[in-house]
Amino acid sequence: MVRFLLSGDGPRSLVLSVIVGAIFLALALAPFLFPGTRSLEVAARIAIFIVLVASYDLLLGYAGIVSFAHTVFFGLGAYGVAIATSNMGRTWGALASGTLAGTAVAVAVAFVIALFSLRVRAIFFAMITLAVASAVAVLVSQLSWLTGGEDGMNIQIPRELTPAFRLETEVFGTRITGRILNYYLVFVSCTVLFLLMLRVVNSPFGRVLQAIRENAFRAEAVGYRVVIYRTVATCLSAGIAALAGALFAIWLRYVGPDTTLSSEIMIDILLMVVIGGMGTVWGAVVGATIFVLAQNYLQNLMKSASDATSALPLVPDLLNPDRWLLWLGVLFILSVYFFPSGIVGRLRARG
Amino acid sequence: MSSPSLETRALTVRFGGHVAVNAVSCAFRPGELTAIVGPNGAGKTTWFNLISGQIAASSGQVMLGGRDITRLGVAARTHAGIGRAFQLTNLFPALTVLENVRLVVQARRGAGLSLLTMAASRRDLTAEAEDILDRVRLSSQAHQLVRALPHGDQRKLEVALLLALRPRIYMFDEPTAGMSVDEAPVILGLIAEIKADPAATVLLVEHKMDVIRALADRIVVLHNGTLVADGNPAEVMASDIVQEAYMGREIEDV
């Protein structure tokens, strides 16, 4: 059963199994283990970014395609939900149709980009995706009647998913609220999407993607139409990114250029893939978790370290919470230096 | 005599002003092994590229079993029955030996677009791939990464990929290049096995005269992109053209 769910591609390393198992349990029980708005916020963000990063790794790590337009697809899913609910009201139907429409548009856009540009050299494909990403960001900020411009849009979701909704039942001493239901919508959807991607990368299709990444010339010569496989991979990756975007919008009840479309998010995705390890979706789990935790808690950690060392010269200044980006950068450089194949690649290589 | 399985008709390709393959017309028949010889730069590999589709022809046609395949892409020609082993080893280096072969079996069976089945559960593909590794004596290395394989074994794998395609036309481009004296016989034995199949058409670009003598039913000589001789081995080897081409002297107007 477990083998079937994991598509025969488990963590394959004791340390990694423990890490991934701990992350799964922590996310599965987050509302009860870590009460508080902030920690639930972080848990949901981790779950969504695992899916987003894994869908990006499907392109970068498996198919060897470098794209900078991944945030566009993420954003299309999120804006799909926002626009649907603003027109149809706070109904479940609006959430579903917004998600589907956003995903469909994302797949269609990916299809067009893929057909136009996957025939050209990789560097041009990367350039084209960069141009599309900038163009979409400009469009979203200009079409403010539709997208709310730079201010973004608040999203009205069904009352059952909001903090105002409370059930009588308590679990482990925690009152079940709509917020918790919303969290489990995110968690369950992300788990399903992750297992789906794990299956795809271990399917015959996934093997062909790896073959194309290794040697596209020979893949074509043994009978695979490379352009078709790359196009399917691009569309699939875009569709899953859009679903992640829709979940993110439903969770945040807000969408704006900064939460979905900004180039900072694209860079975050790249960093998470590299830290976790390219070419394995397990890398997304580790990379996204470490990165999102660091983003949210490194400052707190540094604050307490800075306070603890206040008697020493210079050290408290270096550990000042304002320097958190510097330390994130240092962490990144160290991880690339010591784990060039990512944390997962390193753990698996050790067996 | 059976009808041609593969034929090039006035096949030509120009790169700028340079005519690399010049109006080459030649027919190949099932059950026949044709050695293609000629000095370096004669256009042998370019002619192969035109047949298997890596290069588009400037003019002329490639006919496979009477069907014009000149406009087909590489993958479509492979599915139509053209199989090619490459001169420079051209594999999937970060995958295992078994995975390399299984990918080709999977391509032939058209299973590549299956997204939701587990590749590992396709035992039929694995079993066929294992049989092929057995034939090329690579079974014990099945789970090694290809990039860790010695050169000779990579050449064997190159042949294994061709066998996995089960093509109608087998194209070998210097299959024993760079192999040691004791490794080459395995490859030559495999080619002899393929040749024994009356349905197989085999094309072999080769420099080594002992290999040609042992295997070839017929020799075609290319020189400066032009087909200059075609006939049974004894005749062609004795002809002035071959003597001169291999001695490196100028050929007079042919």
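Helices (H or I, at least four residues) and strands (E, at least two) are DSSP runs, numbered from the N terminus. On that basis, residues 181-201 of chain A are 100% helix and 0% strand, with end C-alpha atoms 30 Å apart. The model is predicted: local features need pLDDT of at least 70, side-chain atom pairs count only at pLDDT 80 or more, and totals for chains, interfaces and linings use all residues. Residues are numbered from 1 along each chain as its sequence is written, while chains are lettered from A and ligands numbered from 1 in the order in which they are written.

**Chain A: overall form**

- Chain A contains 18 helices and four strands.
- The radius of gyration of chain A, taken over C-alpha atoms, is 21 Å, close to the 20 Å that the globule rule (2.2 Å times the number of residues to the power 0.38) gives for 351 residues, so chain A is as compact as a globular protein of that length.
- Along the principal axes, the C-alpha atoms of chain A fill a box of roughly 65 × 55 × 45 Å.
- Of the 351 residues of chain A, 47% are buried, where a buried residue has 20 or more other C-beta atoms within 10 Å of its own, the C-beta atoms being placed from the backbone.
- Two residues are in contact if their C-beta atoms, placed from the backbone, lie within 7 Å; among contacts in chain A between residues at least 6 apart in sequence, 72% join residues at least 24 apart.

**Chain A: annotated spans and a hairpin**

- The unreviewed UniProt entry annotates as "transmembrane region" residues 14-35, 65-85, 92-116, 122-146, 181-201, 227-255, 267-294 and 324-345 of chain A; such annotations may be inferred rather than shown by experiment, and their positions are given in the numbering used here, with feature names shortened.
- Residues 92-116 of chain A are 100% helix and 0% strand, and their end C-alpha atoms are 36 Å apart.
- Two strands pair if DSSP finds at least two bridges between them; strands β2 (residues 166-171) and β3 (residues 174-177) of chain A pair in the antiparallel sense over three bridges.
- E170(A) stands opposite R175(A) in β3(A).
- The hairpin of β2(A) and β3(A) has two residues between the strands, and F172(A) takes a positive phi near 50° there.

**Chain B: overall form**

- Chain B has nine helices and 10 strands.
- A compact globule of 254 residues would have a radius of gyration near 18 Å, and the 19 Å of chain B agrees with this.
- The C-alpha trace of chain B spans about 60 × 40 × 40 Å along its principal axes.
- Buried residues make up 43% of the 254 residues in chain B.
- Of the contacts in chain B with a separation of 6 or more, 66% are between residues 24 or more positions apart.

**Chain B: the four-stranded sheet**

- An open antiparallel sheet of four strands has the order β2-β1-β4-β5 (chain B).
- At its edges stand β2 (18-28) and β5 (67-68) of chain B, each with a single partner strand, so one side of each is left without a neighbour in the sheet.
- Strand β4 (residues 59-64) of chain B is joined to β5(B) by two bridges in an antiparallel arrangement, and M63(B) has D68(B) in β5(B) as its bridge partner.
- Helix α1 (residues 44-52) of chain B lies across β1 (6-15), β2 and β4 of chain B, at about 65° to β2(B); axes are lines fitted to C-alpha atoms, for helices over the stretch in contact, and angles run from 0 to 180 degrees between N-to-C directions.

**Chain B: the six-stranded sheet**

- A mixed open sheet of six strands has the order β6-β7-β8-β3-β9-β10 (chain B).
- Its edges are β6 (82-85) and β10 (226-231) of chain B, each with a single partner strand, so one side of each has no neighbour in the sheet.
- From one strand to the next, the twist averages 20°.
- β6(B) and strand β7 (residues 169-173) of chain B run parallel and are joined by four bridges, with I82(B) opposite I169(B) in β7(B).
- α1(B) lies across β3 (33-37), β6, β7, β8 (201-205) and β9 (218-223) of chain B, at about 150° to β7(B).
- Helix α6 (residues 184-196) of chain B lies across β3, β7 and β8 of chain B, at about 150° to β8(B).

**Contact between the chains**

- Chain B gives 31 residues to the contact and chain A gives 23 residues.
- On the side of chain B that touches chain A, the elements that give two or more residues are α2 (74-80), α3 (97-108) and α5 (151-165) of chain B, and the largest share, six residues, comes from α3(B).
- The residues on this side of chain B divide into 19 nonpolar, eight polar and four charged, where Ala, Val, Leu, Ile, Met, Phe, Trp, Tyr, Cys and Pro count as nonpolar, Asp, Glu, Lys and Arg as charged, and the others, Gly among them, as polar.

Methods:
A residue is buried if 20 or more other C-beta atoms lie within 10 Å of its own, exposed if 12 or fewer, and partly exposed in between; C-beta atoms are placed from the backbone.
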